Amino acid sequence: MSGTSGGADTQNVGTRLGFTPGTVVQELGWDEDVDDSLRVAVEDAIDGDMVDGDYGNVVDSVVLWWRDDDGDLVDALVDSLTDLVGGGVIWLLTPKVGRPQAVDPSEIAEAAPIAGLSTTTTVPVSKDWAATRLVAPKNPR
């Protein structure tokens, strides 16, 4: 696992995304095209396996793999909130612009607030994938 083009080092990406040992991370949207070295880096950072959609308990964070033809992004984001603990983070992983199945950044910007989320940052996490951090806005009360 060495550094990759685009400024992303998959070896340290789990730590860069804020994952620490003991963090419970739910992985949604897995398919054959996901970056396995990125998955391993996340699992190394949490010192365990990611859980799937059938986990049935609260999770600290969600990793959602999403491609342009996967359906309705708003629905997927709302579904991602189901098991997420208050204050948890959704990392939306999408193919980078110019790659097959890339998701237009404007689609993410439009879908997030409809799902009750705010986009905070987007970072390259591997040669072909970017991660967008989504959080529920803090309640002003």
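Student: What makes E7 a mostly covered strand?
Tutor: Six of the seven residues in E7 are buried. Buried means under 20% relative accessible area, exposed means over 50%, and partly exposed is in between, using a 1.4 Å probe and protein chains only. Keep in mind that this is a predicted model, where local features need pLDDT of at least 70, side-chain atom pairs count only at pLDDT 80 or more, and totals for chains, interfaces and linings use all residues. Residues are numbered from 1 along each chain as its sequence is written, and side-chain values use heavy atoms, leaving out hydrogens and water.

Student: Why are E5 and E7 said to pair?
Tutor: Strands pair if DSSP finds at least two bridges between them. E5 (residues 84–95) and E7 (residues 129–135) have seven, in the antiparallel sense, so they meet that definition. Within E7, Leu134 is the bridge partner of Ile90. The strands themselves (E, at least two residues) and the helices (H or I, at least four) are DSSP runs, numbered from the N terminus.

Student: And how do you know that E6 and E7 pair?
Tutor: Six antiparallel bridges link E6 and E7. Val123 stands opposite Ala131 in E7, and a hairpin of four residues joins E6 to E7.

Student: What makes E3 and E6 the edge strands?
Tutor: The open sheet has five strands in the order E3-E4-E5-E7-E6, with mixed pairing. Strand E3 (25–28) and strand E6 (118–124) each pair on one side only. From one strand to the next, the twist averages 20 degrees.

Student: How do you know which way H2 runs relative to E3?
Tutor: We compare lines fitted to C-alpha atoms, for helices over the stretch in contact, and take angles from 0 to 180 degrees between N-to-C directions. Helix H2 (residues 36–46) runs at about 165 degrees to E3, lying across E3, strand E4 (59–65) and E5.

Student: Why is Glu27 called buried?
Tutor: The relative accessible area of Glu27 is 11%, so this residue of E3 is buried. Beyond its neighbours within four places in sequence, Glu27 is in contact (heavy atoms within 4.5 Å) with residues including Met50, Val63 and Trp65.

Student: What makes the Glu27 and Arg39 side chains a polar contact?
Tutor: A polar contact is a pair of N or O atoms within 3.5 Å; within protein, one must be able to donate a hydrogen and the other to accept it, and residues adjacent in sequence count only if both atoms are side-chain atoms. The Glu27 and Arg39 side chains make one at 2.7 Å.

Student: Why is the meeting of Arg67 and Asp33 called a salt bridge?
Tutor: A salt bridge is a side-chain nitrogen of Lys or Arg within 4 Å of a carboxyl oxygen of Asp or Glu. For Arg67 and Asp33 the N to O distance is 2.8 Å. Arg67 lies in the loop between E4 and helix H3 (73–80) and Asp33 in the loop between E3 and H2, so the pair ties together parts 34 residues apart in sequence. Arg67 is buried at 5%, whereas Asp33, at 38%, is partly exposed.

Student: How do you know that Lys127 and Asp128 form a salt bridge?
Tutor: Their closest N and O atoms are 3.5 Å apart. Both are partly exposed, with Lys127 at 44% and Asp128 at 28%.

Student: And what joins Asp33, Arg67 and Asp70 into one network?
Tutor: Salt bridges that share partners. Asp70 also meets Arg67 at 2.8 Å, N to O, and Asp70 is partly exposed at 32%.
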